[in-house]
Amino acid sequence: MLDRCGLTSHHAVEFSRQGSSMIAQQDPSPSIELGQWEEALNVIAVHRDKKMYAELFKYFAPRLRAFGIKMFGNEQQAMEMVQDTMLNVWQKAALFDASRGCASTWIFTIARNVRFDMLRKKQSRKDDISADDLWSDGDYPEQEGSHSQQWDLYLIAEKIAPHFHALPPAQRLVMEKVYLDELSHQEVSEQLSIPLGTVKSRIRLALDRLREAIDGPRS
Amino acid sequence: MAHAVKFHPSLSLLEQYTEGTLAAELSLVVAAHLDFCPHCQQLRHDIEADIGCQLAQQSAASADGEEWQQMLQQILSPDAATTTQGSVETASSTESETVATHIEQGQHRIEIPRSLQRLAAKRKKWLQLGGIATAKLPSGDDNHLSLLLIESNTEVPLHTHKGLEITLVLAGEMVDEMGKYAAGDLIINTPDHTHTPKNISHEPCLCLSVLTAPLEFKQGLTRLLNPLQRFFY
Ligand SMILES: [Zn+2]
């Protein structure tokens, strides 16, 4: 189930060798152990484990703050958003479903919704559109196959290369590793320490963006 | 049987919707499109995964300070829910609110997508103008959100304004020079380019329409429809 967040057997072995700790090391660099936070959320949900939650808090709260400052341009509102988001994480941990995505993705969506409703409340628009209307958890059918394969042909025909530079850096890097260096998705995941699911997501987003670039604007 | 949606929002519109930076009324139109469109649902999921990964890899100072300790204690204290203005409560109060699963107008009764059901229960009165009935939904001052019910053999009148008009077909059909629009399809009118869709079918056509303020869009968002849908379908 955790496969999409990159917890492969390879990584699982590494975990146990490192001595089982789920704790993010004192290392200030943002490297993450793939799969650890998904596991942590499950433990928090089942055992209401405050110690485990404190570790998760220690990792995500300051990152959410940095994210929030970018979004609000205001430290006080950012901290309010962090507190509300992390409270939701504690209270709703049981709703986290690793088969639908990574812990960090789930936490981001909570933060987005909290922020949206916070801004609405500040404008006292009670009657209005809420985060609940906009981002319900729909079903996300995994659509592998036909589209991407069709586009592989375009890639081989080198039609796409000139448009690579227009991709967001994170997506471009993944595309270069897959299509120029010919690494497997798994290898890219390991090299960049990002979840396998994110590698696939970035490829799909990049392909969609390239399709737009090649077809040109519609008049 | 669900048909394939042909007219999708552009990737940049989807990204802003997913980040939560798009205006609420426009976000609602995108959300309603997603209720019809598994392709864009997948893209939304991909964008969320991408941003989530950026969040995890964000560099940040450690959370050792006094302020963080206090926040952690507050969250873990048993009465946390009452000390913060949590959206936990908002979420549960939303569930008990009334929703409208169908729109009723005259003798018509039409099912509407999930994302509109809570707001549809708060619609204003229907106003009839020729073959078109409109009912406003609650929205902000800058953008206007309304339902349109277009009878058969009726043309949608042009709006001349400096903003955008985005129309999402919820049920029935419309046609214009670009082709035929059905449930889930977006029709986008910009100040430079105006479609005049008509309902030439025998059934009424229900749409959601948002009219934006003039300054809602600056450069970079000029492309609003995904131009590649014809590659897929
Ligand atoms: Zn779509």
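Me: What does buried mean for a residue, and which cut-offs apply?
Reply: Buried means under 20% relative accessible area, exposed means over 50%, and partly exposed is in between, with a 1.4 Å probe and protein chains only. In this predicted model, local features need pLDDT of at least 70 and side-chain atom pairs pLDDT 80 or more, while totals for chains, interfaces and linings use all residues. Side-chain values use heavy atoms, without hydrogens and water, residues are numbered from 1 along each chain as written, and chains are lettered from A in the order written. A:Arg120 and A:Asp128 are both buried.

Me: What joins the side chains of A:Arg120 and A:Asp128?
Reply: A salt bridge, that is, a side-chain nitrogen of Lys or Arg within 4 Å of a carboxyl oxygen of Asp or Glu. For A:Arg120 and A:Asp128 the N to O distance is 3.1 Å. Over all chains the count is 11 salt bridges.

Me: Where do A:Arg209 and B:Glu15 lie?
Reply: Helices here are DSSP runs (H or I, at least four residues), numbered from the N terminus. A:Arg209 is in helix H10 (residues 196-215) of chain A and B:Glu15 in helix H1 of chain B, so their pair joins two chains. Their salt bridge has an N to O distance of 2.3 Å, and B:Glu15 is buried at 17% relative accessibility.

Me: Is B:Arg109 buried or exposed?
Reply: B:Arg109 is exposed, with a relative accessible area of 52%. Its salt-bridge partner is B:Glu104, at 2.7 Å, N to O, and B:Glu104 is partly exposed at 46%.

Me: How is the contact between the domains of chain B read?
Reply: The size of an interface is often given as the accessible area lost when the parts come together. An automatic or database assignment sets the domain bounds; for chain B it gives domain 1 (11-96) and domain 2 (102-231). Contact (heavy atoms within 4.5 Å) takes 14 residues from domain 1 and 26 residues from domain 2. Buried area is the accessible area (1.4 Å probe) that two parts lose on being put together, summed over both. The two domains of chain B bury about 1700 Å² between them, 74% of it on carbon and sulfur atoms. Between these domains the count is 0 salt bridges.

Me: Which helix of domain 1 of chain B gives the most to the side that touches domain 2?
Reply: H2(B) does, with 9 residues.
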